[in-house]
Amino acid sequence: MQAAQGCTGPGPACSERVRRPPAAGATDGIGAHTALRLAAHGGTVLVHGRSEERVLKAAQAVEVAGRGSGGGARPMVADFASLAGVRGLAEQVWWVQCDG
């Protein structure tokens with residue numbers, strides 16, 4: 001697996017960070033399908049959505065898809081309708097990527 005470009009700071013090596021891909025809009029449609037496939041291939045997916053209830057339900061499905069391959073889910077709720085929501089999610093993703 002190729003290391004991500006521009007990874008700096010504390011935390012796991014860049015190649016380990018790549019194994020935690022974010023899936024925006026992972027509660028439905030293409031985002032949900034992508035999250036399930038990434039988990040099935042061993043990724044710990046950052047499951048994003050606007051509704052906490054839907055995010056938690058999607059994260060449970062991603063956890064099931066990841067069983068046996070080492071994949072899993074990290075639920076993250078944020079609404080991209082506001083810049084504060086975008087910044088909040090970016091900060092959450094940064095800490096998950098850097099600190100595990």
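**Reading the features**

Author: A salt bridge joins the side chains of Asp-28 and Arg-54, at 4.0 Å from N to O. Asp-28 sits in the loop between strand S1 (22-23) and helix H2 (29-40) and Arg-54 in helix H3 (residues 52-66), so the pair ties together parts that are 26 residues apart in sequence. The model is predicted: local features need pLDDT of at least 70, side-chain atom pairs count only at pLDDT 80 or more, and totals for chains, interfaces and linings use all residues. Residues are numbered from 1 along each chain as its sequence is written, and side-chain values use heavy atoms, with hydrogens and water left out.

Reader: What counts as a salt bridge, and how many does the rule give?

Author: The rule asks for a side-chain nitrogen of Lys or Arg within 4 Å of a carboxyl oxygen of Asp or Glu. By this rule the count is 1 salt bridge.

Reader: Are Asp-28 and Arg-54 buried, partly exposed or exposed?

Author: Buried means under 20% relative accessible area, exposed over 50%, and partly exposed in between (1.4 Å probe, protein chains only). Asp-28 counts as exposed, at 53% relative accessibility. Arg-54 has a relative accessible area of 42% and is partly exposed.

Reader: How many helices and strands are there in the chain?

Author: Helices (H or I, at least four residues) and strands (E, at least two) are DSSP runs, numbered from the N terminus. The chain has 4 helices and 3 strands, and along the sequence they follow the pattern α-β-α-β-α-β-α.

Reader: What is the order of the strands in the sheet?

Author: In general, strands of a sheet pair through backbone hydrogen bonds, either parallel or antiparallel. Here two strands are taken to pair if DSSP finds at least two bridges between them. The sheet is open, has 3 strands in the order S1-S2-S3, and its pairing is parallel. S1 and S3 are the edge strands, each pairing on one side only. S1 is joined to strand S2 (residues 44-49) by 2 bridges, and these strands run parallel. Pro-22 has Leu-46 in S2 as its bridge partner.

Reader: How many residues of S2 are buried?

Author: S2 is mostly covered, with 5 of its 6 residues buried. His-48 is found in S2 and counts as buried at 8% relative accessibility. Leaving aside neighbours within four places in sequence, His-48 is in contact with residues including Ala-26, Val-55, Met-76, Phe-80 and Leu-89. His-48 and Ala-78 are 30 residues apart in sequence, and their C-alpha atoms are 7.0 Å apart.

Reader: Which residues form the nonpolar patch on the surface?

Author: Patches are made of residues with over 30% relative accessible area and no salt bridge; like charges are joined within 9 Å, nonpolar side chains (Val, Leu, Ile, Met, Phe, Trp, Tyr) within 5 Å. Accessible areas come from the Shrake-Rupley method with a 1.4 Å probe, and for residues only the protein chains shown count as cover. Phe-80, Leu-83 and Val-86 make up the patch, with about 270 Å² of accessible area together. Phe-80 lies in the loop between strand S3 (72-77) and helix H4 (83-99) and counts as partly exposed, at 44% relative accessibility.

Reader: What are the totals for the chain?

Author: Of the 100 residues of the chain, 33% count as buried. The accessible surface comes to about 6000 Å², and 55% of it belongs to carbon and sulfur atoms. Among contacts with a separation of 6 or more, 54% are between residues 24 or more positions apart.

Notes
Contact = heavy atoms within 4.5 Å.
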